[in-house]
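Please find below a briefing on a single protein model, prepared for computational work.

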Amino acid sequence: MSELISEKVGLDNVRIVLVETSHTGNMGSTARAMKTMGLTNLYLVNPLVKPDSQAIALAAGASDIIGHASIVDTLDEALVGCRLVIGTSARSRTLQWPMLEPRECGVKMTQEAQQAPVALVFGRERVGLTNDELQKCHYHVAIPANPDYSSLNLAMAVQILAYEIRVAWLDRQVESQPVPELAEPEQAYPLAEDLERFYQHLQTVLLNIGFIRAAHPGQVMNKLRRLINRARPESQELNILRGILSAIENPDIRNRDK
């Protein structure tokens, strides 16, 4: 029974995040896809239209998911408290990011949801997520659809990835293994907002020392984001990096032990 409770907590920690959805029907269909797989946390980032009767109708019994959806203005708000963020993306991006297959996505999300909230982010119906939004994700996931006809609508994509999350959740129950606990609190991964503060700090320091140019900071910062997201530093490691940046900014810190 304790294992079942732990796994349920894991599913409760999974957030489905829709960015700037333009059709309320997609909200309802997404809610239905979520509920069939046991997911309940829906976040709507700056929706172009608010949920309405069409959303409720297409939810088909999952109107509670719509009714309790969190509506926020920015993606950063939707990611507050999350230690793992995975964004849906096609593979053909100028700057390659660590990619997961759908099954890998489900496994990783259910594993890390045992410790803290995790988020699966879906973009706009027509154009998906922007590069800036994708760079807030630790990993990207792509659904290997038929390359000759890869037209998946938003709710279909949610259904496929929600299914993979549920399969991974069921596999954990069958294994009946105790949920591993972190030996030390500082070994946990940093929250999404802590990472964003680090990136802002890093960019400020690199600008001040002339390593990057104010006119084109993204050329280097994008690659540094990819490097650090790929490394997945733990909270303690991120604190060390912040300390290094502070020492660069403040000579008194560098000289205090001399």
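The notes that follow are grouped by topic.

This is a predicted model, in which local features need pLDDT of at least 70, side-chain atom pairs count only at pLDDT 80 or more, and totals for chains, interfaces and linings use all residues. Residues are numbered from 1 along each chain as its sequence is written, and side-chain values use heavy atoms, with hydrogens and water left out.

**Largest pocket**

- The largest pocket has a volume of about 710 Å³. A pocket is an open set of points, on a 1 Å grid over the protein atoms alone, where a 1.4 Å probe fits, with protein on both sides within 12 Å along at least five of seven lines. The volume is the space filled by probe spheres set on the points, which are joined across faces, edges and corners.
- The largest pocket is lined by 27 residues, and T88, S89, A90, S150 and L152 are the closest to its centre; lining residues have an atom within 4 Å of a point.
- Helix α8 (residues 154–175) supplies the largest share of this lining, three residues. Helices (H or I, at least four residues) and strands (E, at least two) are DSSP runs, numbered from the N terminus.
- By residue class, the lining comprises 14 nonpolar, eight polar and five charged residues. Ala, Val, Leu, Ile, Met, Phe, Trp, Tyr, Cys and Pro count as nonpolar, Asp, Glu, Lys and Arg as charged, and the others, Gly among them, as polar.

**Nonpolar surface patch**

- I209, F211, I240, L241, I244 and I248 form a nonpolar patch on the surface, with about 560 Å² of accessible area together. Such a patch joins nonpolar side chains (Val, Leu, Ile, Met, Phe, Trp, Tyr) within 5 Å, from residues with over 30% relative accessible area and no salt bridge. Accessible areas come from the Shrake-Rupley method with a 1.4 Å probe, and for residues only the protein chains shown count as cover.
- I240 is placed in helix α11 (residues 235–249) and counts as exposed at 52% relative accessibility. Buried means under 20% relative accessible area, exposed over 50%, and partly exposed in between (1.4 Å probe, protein chains only).

**Salt bridges**

- The count comes to nine salt bridges, each a side-chain nitrogen of Lys or Arg within 4 Å of a carboxyl oxygen of Asp or Glu.
- R103 and E164 pair at 2.8 Å, N to O. R103 lies in helix α6 (residues 102–112) and E164 in helix α8, so this pair ties together parts that are 61 residues apart in sequence. R103 is partly exposed at 48%, whereas E164 is buried at 11%.
- E133 and R124 form a salt bridge at 2.7 Å, N to O. E133 is buried at 12%, and R124 is buried at 16%.
- E196 and R225 meet at 2.9 Å, N to O. E196 belongs to helix α9 (residues 192–208) and R225 to helix α10 (residues 218–231), so the pair ties together parts 29 residues apart in sequence. E196 is buried at 12%, and R225 is buried at 12%. Salt bridges with shared partners join D76, K136, E196 and R225 into one network.

**Loop residues**

- L129, in the loop between β6 (118–122) and α7 (131–134), is buried at 4% relative accessibility. The C-alpha atoms of L129 and G87 are separated by 8.0 Å, although the two residues are 42 residues apart along the chain.
- N46 has a positive phi near 45°. N46 sits in the loop between β2 (41–45) and α3 (53–59) and is partly exposed at 33%.
- R232 has a positive phi near 50°. R232 is found in the loop between α10 and α11 and is buried at 7%.

Technical notes. Patches are made of residues with over 30% relative accessible area and no salt bridge: like charges are joined within 9 Å, nonpolar side chains (Val, Leu, Ile, Met, Phe, Trp, Tyr) within 5 Å.
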